[in-house]
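Hello,

Here is the structure we talked about. Please have a look, then read my notes below.

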Amino acid sequence: MLSDEVPLKASPSLLYQNLTYGEGKFVYAHKTEIHSVNASTKETSSFQLKEKTPAYNARVCDVGGKKMLVIACHGGTQFWDVGREKLLFSVPLSEEDARDSFLSRGIASFGNFVLVGHSTGSISVIEVKGESASLSKVLKEHKEMITDVCAGQIAGRTVVVSADVAGEVLLWDESLNVTARCEKFPGDTATCLALTSCHFACGYGSGKIRLFDLAGKKKVEIAAHCRWINGLDFSSSSNTLASVSEDMLVQFWKVPTADSSQVALKAHKLIKDCLLCGVKFTDDGTRVGCTAYDTERLFLLQVPC
């Protein structure tokens, strides 16, 4: 299953969801820097952040029909052209988060809006208008540090999902009103999120993956890993949910659809002596990249049928 190992410029940091993909490049965070590697040419490069600001998280987002690399930094959010590696504009944090937040992570987008989570439990909502952007509002439903945010379409409905270290998972509508609070599992941190065709998936510190419906009801629970899950991603082309964990396993799951309730393990790959921290499908869904903490290699795998 392992198709290639690509050398990296620097080793990825131990962060949830520490891998994203766009314009043929895999992008990840190393300490307070953002690096990329071209999946085809294997050329590596770095994003020269404005004023050398420390960076915490990066994600390629579709913002108003345009692909942008959104980087959560100390003091604000930067928007980049991922292909040309050019800074487009930046948006500062709210006054409260600039004072109290020490970490930003969890980035998602829908329409012209980008959401960025913070250690204060707040979520910045940034509205992008042409070649500029501004802070639209700050969501304050979470009381603990945000771990991840995701957004997209499920069954034709725009949804936003957010999670925090206390295991609180919230479902929001496109007007950013909370529509559901998912069941909490005491002592189990919600680490990462992904949307599937019919549900949203949440990975947990216990190694479990739980699938919830749009009412916030748990529909499926998978004992997926034996250690913390650090990354999830979903490919609609093959109806495959990929998960990576500190147990060195990459797992590929068939998940329920509108026509089938079946859940099955399609394949797995053990990457020895690697604490995995990121997983991301390529745009065509045929390959998946995986990053590992303190390992200067990107692992490229063929996606099982």
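**Aromatic contacts**

Tyr-204 is buried, at 0% relative accessible area. Buried means under 20%, exposed over 50% and partly exposed in between, with a 1.4 Å probe and protein chains only.

The model is predicted, so local features need pLDDT of at least 70 and side-chain atom pairs 80 or more, while totals for chains, interfaces and linings use all residues. Residues are numbered from 1 along each chain as its sequence is written, and side-chain values use heavy atoms, without hydrogens or water.

The whole structure holds six aromatic pairs. Rings of Phe, Tyr and Trp (its six-membered ring) pair if their centres lie within 6.5 Å; planes under 30 degrees apart are stacked, over 60 edge-to-face, the rest tilted.

One of the pairs is Phe-185 with Tyr-204. This one is edge-to-face, 5.9 Å centre to centre, with 80 degrees between the planes. Phe-185 sits in the loop between strands E17 (178-181) and E18 (190-195). Tyr-204 belongs to strand E19 (residues 200-204), 19 residues away. Strands are DSSP runs of at least two residues, numbered from the N terminus. Phe-185 is buried too, at 12%.

Phe-200 and Phe-212 are stacked: 5.5 Å between centres, 20 degrees between planes. Phe-200 lies in E19 and Phe-212 in E20 (residues 208-212), so the pair ties together parts 12 residues apart in sequence. Both are buried.

Now look at Arg-210. It lies over the face of Phe-185, 3.6 Å from the ring centre. Its charged end also sits over the Tyr-204 ring, 4.4 Å from the centre. The cut-offs: NZ of Lys or CZ of Arg within 6 Å of the ring centre and within 35 degrees of the ring normal.

Best wishes

How values were computed
Helix = DSSP H or I, 4+ residues; strand = E, 2+ residues; numbered from the N terminus.
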